[in-house]
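Hi there,

Here is the structure I promised to pass on. Have a look at it first, and then read my notes below.

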Amino acid sequence: MAGDGWYGALRARVAAPGYVRKLVHTGCLFYSFIVIGICNAQTGPALLDLQLITNTNTQQSAVFFTGASVGSMCGSLSFGFLFGRLNKHLLMFLILLGAAVAVGVLPLCTPYILMVFMHGIVSFFRAGHVTCGNTDLIRTWEAERRVFIQILHFCFALGGTLSPLITEPFLAHSTSSNNTRGADNSSTPLSHICVNNSDFVDNGNCDIVVTETKVEYAYLITGILFLVASLTFLIQRCCRRSEPADAQKSMTGYANLDEPLPMVYIFGTMVFVVLIFIFLVAVEACLASFLLTFVVEQLNWTKTSGARLTSVFWACYAAMRFATIFFTERVSPFVLILVTSITMLLSAVGLLMSSIYDNEIGVWACVALSGLSLASQFPSTMMWLEESILRLSSRIVSIIVFSSTLPGIINPLVIGYLMQEISPIWLMYILTIESGVSVLLILSLFTWSKAVLKPLHERQNSERLVPQDYT
């Protein structure tokens with residue numbers, strides 16, 4: 001009977017009412033987050049090709065990320081409001097179906113303004129699903145949510161790893177105009193080829209031309225994957241016409257907060273939370289979105305090498321998120337956040353030095369270390385908040401997703417302007433500054449929780465334990 005230990009426990013859990021349905025639903029969430037990760041990481045490797053499609057330069061194309069951030073803000077607020085008021089399977093089906101259509105249409109938009117608008121539409125649906133998916137998984141698994149949240153975010157990172165590999169075969173490469181066979185010359189950086197774009201070299205002295213981009217096929221693949229993901233939730237909706245009883249509970253989310261905590265302290269805590277997620281996401285987006293453009297324009301690498309470097313970043317990112325699943329119960333979330341934040345700061349400094357002194361090995365090593373450092377910060381910060389500072393609720397998760405979209409409004413404009421008008425090396429200056437601010441904010445929230453929130457909770461708890469005098 002000893003052999004029945006883990007197997008017997010597993011069989012008992014599977015036999016429990018609704019457990020298999022929960023597993024199937026969770027599997028669908030995992031797959032959908034892989035697709036979300038692919039979509040999220042696709043703009044970086046495809047950015048130069050999107051410039052060719054819209055005939056824009058780096059500064060102008062940076063507005064794509066701003067449009068995406070505005071769309072994300074609207075999506076997180078809109079679907080955060082709708083989640084719990086509509087059937088969750090139907091809502092996620094509509095979100096993913098909308099994303100499938102928008103992603104497929106995006107590379108066909110040659111007008112610049114329309115391209116910016118479509119980036120906003122894609123991000124509108126993408127942020128909506130991130131909000132609904134995180135909230136739904138927390139509610140589905142309750143006490144077991146720590147491991148499942150880490151797996152969910154690992155799936156997102158896995159998608160980011162696959163994205164450059166899906167996109168790279170369809171990117172435009174350079175060919176010599178004197179080559180009668182039109183053989184590919186991908187060793188020539190795209191930033192050195194002649195196109196109808198003032199951002200590149202003088203067309204009058206050009207003997208190298210760019211091949212036609214086929215990046216629309218990469219986006220079509222992503223759109224099909226979104227469509228498949230949407231159908232999984234539609235099937236769940238058709239197989240289950242009514243929500244379970246626990247889904248009918250209040251969706252306001254305020255029940256999870258510590259009721260005695262005065263609102264002014266909740267507000268002060270949320271200010272720190274919003275700022276932390278703004279800078280955490282700013283660092284990640286800063287590196288992932290502009291990395292390929294940076295190495296092509298600053299270091300004169302080929303687009304193929306840049307896409308592979310981006311893939312290395314996401315591979316290390318995914319590997320670390322996968323590894324975190326196994327030690328998330330053994331390491332304090334705060335310790336993990338602090339160590340990885342400091343490591344990211346060191347990586348940013350290393351990237352800056354390697355770029356200045358043209359050390360290719362240093363660039364590869366620091367990008368890999370950056371992926372390892374950034375991987376666990378977002379989910380671990382959520383767990384730190386849940387366990388030590390503030391109970392997560394549906395509205396809190398919505399605010400977190402909303403705040404994580406804010407960096408995309410200003411960050412791309414500033415980085416695009418500095419890279420275009422001064423030097424691409426400014427990407428590394430911004431990355432280093434934002435990494436340093438992230439470390440300071442994490443330490444500030446830790447100090448706030450220990451010096452202000454903890455004594456307040458202890459005082460309130462002691463007051464509730466003192467018997468009242470009715471004499």
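Predicted model: local features only at pLDDT ≥ 70, side-chain atom pairs only at ≥ 80, totals over all residues.

Let's start with helix H4, residues 88-105.

Which residues of H4 are buried? They are Lys88, His89, Leu91, Met92, Phe93, Ile95, Leu96, Gly98, Ala99, Ala100, Ala102 and Val103. These buried residues pack against helix H2 (19-54), helix H3 (58-82), H5 and helix H7 (215-239). Look at the N-terminal end of H4 too: Asn87 caps it, with a side-chain oxygen 3.0 Å from the backbone nitrogen of His89.

H5 (residues 112-141) passes the length check as well: 30 residues at 1.5 Å each should span 44 Å, and its end C-alpha atoms are 44 Å apart. H5 is mostly covered, as 23 of its 30 residues are buried.

Now for the rings. A pair of aromatic rings is described by the distance of the centres and the angle of the planes. How many aromatic pairs does the structure hold? There are 15. One of them is formed by Phe154 and Phe322, which is tilted, at 5.1 Å centre to centre with 50° between the planes. This pair links distant parts of the chain: Phe154 sits in helix H6 (residues 145-167) and Phe322 in helix H9 (residues 303-327), 168 residues apart. Phe154 counts as buried because its relative accessibility is 16%, under the 20% cut-off. Phe322, at 40%, counts as partly exposed.

Trp301 and Trp364 also form a pair, this one stacked, with 5.8 Å centre to centre and 20° between the planes. Trp301 lies in the loop between helix H8 (263-297) and H9, while Trp364 lies in helix H11 (residues 360-375), so the pair ties together parts that are 63 residues apart in sequence. Buried or partly exposed: which is Trp301? Trp301 is buried, with a relative accessible area of 9%, whereas Trp364 counts as partly exposed at 28%. Elsewhere, ring pairs link Phe79, Phe124 and Phe125 into a cluster.

H11 comes up again when you look at how helices pack. Two packed helices are described by the angle between their axes and the distance between the axes. The axes of H9 and H11 come within 7 Å and cross at roughly 35°, and the crossing is right-handed. Residues making the contact include Ser305, Leu309 and Phe313 of H9, and Val363, Trp364 and Val367 of H11.

At 2% relative accessibility, Val363 counts as buried. Leaving out residues up to four places away in sequence, Val363 touches Leu299, Trp301, Leu309, Leu351, Ser354 and Ser355. Val363 and Gly350 are 13 residues apart in sequence, and their C-alpha atoms are 7.8 Å apart in space.

Last stop: Ser403, found in helix H13 (residues 394-405). Ser403 is buried, with a relative accessible area of 1%. A polar atom of the Ser403 side chain lies 2.8 Å from the backbone oxygen of Ile400. Again leaving out residues up to four places away in sequence, Ser403 touches Val274, Phe277 and Ile278.

Happy browsing!

Notes
Residues numbered from 1 in each chain as written. Heavy atoms only, no water. Phe/Tyr/Trp six-rings, centres within 6.5 Å; stacked < 30°, edge-to-face > 60°. Helix = DSSP H or I, 4+ residues; strand = E, 2+ residues; numbered from the N terminus. Buried < 20%, exposed > 50% of the residue type's maximum accessible area, 1.4 Å probe, protein only. Expected span 1.5 Å × (residues − 1). Contact = heavy atoms within 4.5 Å. Polar contact = N/O pair within 3.5 Å; in protein donor to acceptor, adjacent residues only side chain to side chain. Axes fitted to C-alpha atoms, helices over the stretch in contact; angles between N-to-C directions. Left-handed = near helix turned anticlockwise from the far one by under 90°.
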